[in-house]
Amino acid sequence: MDKFTNSAWFMRIVAFALAALLFISINFEMESDKKSLGLSTAPEISTETIENVPVEVYYDRENLVVSGVPETVDVTLKGAKSLLINAKNQRNFKVYVDLSDPEISMGNRTVTFKISDLNEKLVATIDPEYAEVNVQERVTKEFKVEAEFNSSLLEEGYTAGQPTVSPKTVKITGAKDAIEQISYVKANLEISKGLNETVNGKATVKALDRDLNKLDVTIEPASVAVSLKVSIPSKTVPITPKQTGKAKDGIRIKSISVDPNEVTLFGSETSLEKISDVNLPVNISKIDGDTELELDLTKPGNVQKMSLGKAKVKIRTEKVNAEEANADPVKEEEKPETEQKQEEKVVEKDGPAAIESKTFSNIKIVPVGIQDDQEAELETDVASITLLGEADDLKKITKEDINLTVDVSNLDEGTHDVELAVNAPAGVTWELVSKTASVTITQKDEET
């Protein structure tokens, strides 16, 4: 027995047995520890779908345009649950389409979505798996912009000029076939209410095909400044005083004059054509002597507005006896039309020379000093002027002797009120119904 225990084989068998027991013991303890920690030797396999994952496209962006690639896809991942949770929360993987091959050909092609930076222990399925894309040569071309607006928003009586844009052209970049489809480049001025004044604003530029479908292109600049001049037709007519009531006993009305004696009406051309003057009723029943009044002007029907709301009336009277007072005065409406308009009338007497007035209507206003690259447009290009002087001097003066100008040499683009300059014959003074004129300055279209 001692011989057996002392043999080499006995020692080898004992060592092997001890090693086996030690291995079994260690593994048993590890399994016990895992179970106590809630761990399992086989991980739990699960699946998780991540929706709306962005798609990146790799291609030569300087020379090519790629269309048809969806912006997002859905990715279904399969693997250990702990890895899935991390992938879903971090989203540190990428879905992409690779078209970076410099030898890639133009036209339609089917491409496969790929995924990168994903844990290698996870399996991914992409939905959709493929995409039909179109590869085109990238083209940039310059186009002229046409501004437009909804003309039905113009208020009654108002008119609009042709809208102007700045800059007048834009650069459009896109696929070659999309650029070739461009038929219109429009900038629509958005207006939400009735138009009754000049509008300046920004408008987004759109490229449209011949069927007015919007094209998928890049426009630089994306918006332009649009100016739309809105005006209303005008007409200057005389203010005609009309006596109402009966003068008091012993009082006779010698004259009734109005200052100013004209008013400018604004409205549709059809409405203005029917109006020759504006009547101003003057009640003489309470007049005791020479009087000055300020009376309201009544706006004629279908007229949008007037340049004046009130006018001053001068009434000159004289005392008469009962016999003269009973004599029928000449009624205003029975006077000849030329006398009613009172184009020439006595204003006042100063010494032996009678100072009279003479009114000229529709004198042309001429803008001066227009710069070569600008255009000037007057809201009203005529005005009325009243000359005051001795009768003999006034008789020699004609309409052609009077010049009305506005200096626009130092005006920037936009609408301005500019003082009228008068060049009239010597020896007379003058009065204007309106001392200023509204002038709109615009840049000339560049010659192409």
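1. Which residues does Asn-196 touch, not counting residues up to four places away in sequence? Taking contact to mean heavy atoms within 4.5 Å, Asn-196 touches Glu-155, Tyr-158 and Val-230. From C-alpha to C-alpha, Asn-196 and Val-230 are 6.4 Å apart in space, yet 34 residues apart in sequence. Asn-196 sits in the loop between strand 13 (184-188) and strand 14 (199-208); helices (H or I, at least four residues) and strands (E, at least two) are DSSP runs, numbered from the N terminus. Asn-196 counts as partly exposed, at 33% relative accessibility, where buried means under 20% relative accessible area, exposed over 50% and partly exposed in between (1.4 Å probe, protein chains only).

2. A word on the basis: this is a predicted model, in which local features need pLDDT of at least 70 and side-chain atom pairs count only at pLDDT 80 or more, while totals for chains, interfaces and linings use all residues. Residues are numbered from 1 along each chain as its sequence is written, and side-chain values use heavy atoms, with hydrogens and water left out.

3. For the overall picture, the protein chain has eight helices and 33 strands. Of its 448 residues, 32% count as buried. Among contacts with a separation of 6 or more, 69% come from residues 24 or more positions apart. The accessible surface of the protein chain is about 28,900 Å², and 47% of that belongs to carbon and sulfur atoms (Shrake-Rupley method with a 1.4 Å probe; for residues, only the protein chains shown count as cover).

4. Now the salt bridges. Side chains of opposite charge can pair when their charged atoms come close. With a side-chain nitrogen of Lys or Arg required within 4 Å of a carboxyl oxygen of Asp or Glu, the count is seven salt bridges. In one of them, Glu-146 meets Lys-186 with the closest N and O atoms 2.9 Å apart. Glu-146 lies in strand 9 (residues 146-148) and Lys-186 in strand 13, so this pair ties together parts 40 residues apart in sequence. Glu-146 is partly exposed, at 43%, whereas Lys-186 is buried, at 17%. Glu-148 joins Glu-146 and Lys-186 in a network of salt bridges.

5. Another salt bridge joins the side chains of Arg-252 and Glu-318, at 3.4 Å from N to O. Arg-252 belongs to strand 19 (residues 251-259) and Glu-318 to strand 24 (residues 310-319), so the pair connects parts that are 66 residues apart in sequence. Arg-252 is partly exposed, with 28% relative accessible area, and Glu-318 is partly exposed at 30%.

6. How many aromatic pairs does the structure hold? There is one, formed by Tyr-58 and Tyr-96, which are tilted at 35° between the planes and 5.4 Å centre to centre. The rule takes rings of Phe, Tyr and Trp (its six-membered ring) with centres within 6.5 Å; planes under 30 degrees apart count as stacked, over 60 as edge-to-face and the rest as tilted. Tyr-58 is in strand 1 (residues 45-58) and Tyr-96 in strand 4 (residues 94-98), so the pair ties together parts 38 residues apart in sequence. Is Tyr-96 buried or exposed? Tyr-96 counts as buried, at 17% relative accessibility, while Tyr-58 is partly exposed at 31%.
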